[in-house]
Amino acid sequence: MSAMRPAFQLNGEPAQVDARGDEVLIETLRRLGLTSVRGTCGIGVCGTCSVLVDGRAVSACLTLTAGVAGRTVQTAEGMTAPDGTPGPVQQAFLDNDAFQCSYCIPAMTIMVSAYLAEHDEPTVEGAREYLQGNLCRCGTYPEILQAVASLVQRRPPPQEDSSS
Ligand code: FES
Ligand code: FES
């Protein structure tokens with residue numbers, strides 16, 4: 001398959017990479033040193049490779065690198081401030097001991113971040129359903145949902161629409 005050179009935004013910075021036409025995003029991101037993107041099943045079942053493309057969660061093992069040309073890609077590395085300070089979702093995971101081996105955790109934080117961004121009135125139950133495709137072999141689900149609960153509680157209520 002012929003080589004390509006897609007350009008995209010990666011964690012807020014411009015990126016352009018050589019990639020095979022059949023190369024999937026997880027291969028490219030791992031080659032670029034983004035080790036938060038983790039492969040397990042390779043068939044879109046486990047969720048450990050979740051990243052955001054244009055703000056939507058996708059499985060990097062099923063996404064062609066050529067397909068992200070001109071788009072924005074965010075990994076868990078992009079949730080951390082340049083000085084290394086964890087982002088709010090990452091901090092909530094830390095505060096609630098929501099990790100054991102941590103293999104699944106970067107993808108979990110990506111998914112929680114996507115869930116909160118997509119829902120004006122997030123709930124723990126809603127997050128539980130949203131995370132159904134993300135598996136944790138260590139069974140850290142209660143602590144992850146505790147972290148979600150702390151984020152949901154902190155969120156200001158949605159603004160009333162004063163235009164109507
Ligand atoms: S490695 Fe991509 S969903 Fe499992
Ligand atoms: S913390 Fe070990 S797989 Fe989730």
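User: Which residue in E6 is the bridge partner of Val53?

Analyst: In this predicted model, the partner of Val53 in strand E6 is Arg56. On the side of E7, Val53 is bridged to Val73.

User: How many bridges join E5 to E7?

Analyst: Strand E5 (residues 50–53) and strand E7 (residues 72–74) are joined by two bridges and run antiparallel. Since at least two are required, E5 and E7 also count as paired. In this pairing, Leu52 stands opposite Gln74 of E7.

User: In which order do the five strands of the open sheet lie?

Analyst: The order is E3-E2-E7-E5-E6, and the pairing is mixed. Strand E3 (13–16) and strand E6 (56–59) are at the edges, because each has a single partner strand, and one side of each is therefore without a neighbour in the sheet. From one strand to the next, the twist averages 40 degrees. Helix H3 packs on this sheet, where it touches E5, E6 and E7, and its direction makes about 40 degrees with that of E5.

User: Why is it said that both faces of E5 are covered?

Analyst: In general, side chains along a regular strand alternate between the two faces of the sheet, so each face has to be considered. In E5, Ser50 and Leu52 are on one side, Val51 and Val53 are on the other, and all of them are buried.

User: Is Asn11 counted as buried, partly exposed or exposed, and why?

Analyst: The relative accessibility of Asn11 is 24%, which makes Asn11 partly exposed, because buried means under 20% and exposed means over 50%. Tyr130 of helix H4 has a relative accessible area of 22% and is partly exposed for this reason as well.

User: Why is Thr75 placed in its accessibility class, and what does Thr75 touch?

Analyst: Thr75 has 0% relative accessibility and therefore counts as buried, the limit being under 20%. Thr75 is in the loop between E7 and H2. Residues up to four places away in sequence aside, Thr75 touches Leu10, Asn11, Leu29, Leu34, Ser36, Val37, Val51 and Ile110.

User: How do you know that the end-to-end span of H5 agrees with its number of residues?

Analyst: Helix H5 (residues 141–154) has 14 residues, which at 1.5 Å a residue should span 20 Å, and its end C-alpha atoms are 20 Å apart, so the two values agree. The buried residues of H5 are Ile144, Leu145, Ala147, Val148, Ala149, Ser150 and Leu151, and what covers them includes helix H2 (88–95), helix H3 (105–118) and helix H4 (124–130).

User: Which residues touch the most other members of the largest nonpolar core?

Analyst: Within this core of 23 residues, Val89, Phe93, Met108, Val112 and Ile144 touch the most other members. H2, H3 and H5 are the elements that give two or more residues to the core, and H3 gives the most, with eight residues. Another core lies apart from it, with 17 residues that include Val17, Leu25, Val51 and Val53.

User: Which residues does Ile144 touch, not counting residues up to four places away in sequence?

Analyst: Ile144 touches Phe93, Ala98, Ile105, Met108 and Leu131. Each is listed as a contact because heavy atoms lie within 4.5 Å.

How values were computed: Residues are numbered from 1 along each chain as its sequence is written. Chains are lettered from A and ligands numbered from 1 in the order in which they are written. This is a predicted model: local features need pLDDT of at least 70, side-chain atom pairs count only at pLDDT 80 or more; totals for chains, interfaces and linings use all residues. Side-chain values use heavy atoms; hydrogens and water are left out. Helices (H or I, at least four residues) and strands (E, at least two) are DSSP runs, numbered from the N terminus. The expected span of a helix is 1.5 Å times one less than its number of residues. Buried means under 20% relative accessible area, exposed over 50%, partly exposed in between (1.4 Å probe, protein chains only). Axes are lines fitted to C-alpha atoms, for helices over the stretch in contact, and angles run from 0 to 180 degrees between N-to-C directions. A nonpolar core is a set of buried Ala, Val, Leu, Ile, Met, Phe, Trp, Tyr and Cys residues joined through side-chain atoms within 4.5 Å.
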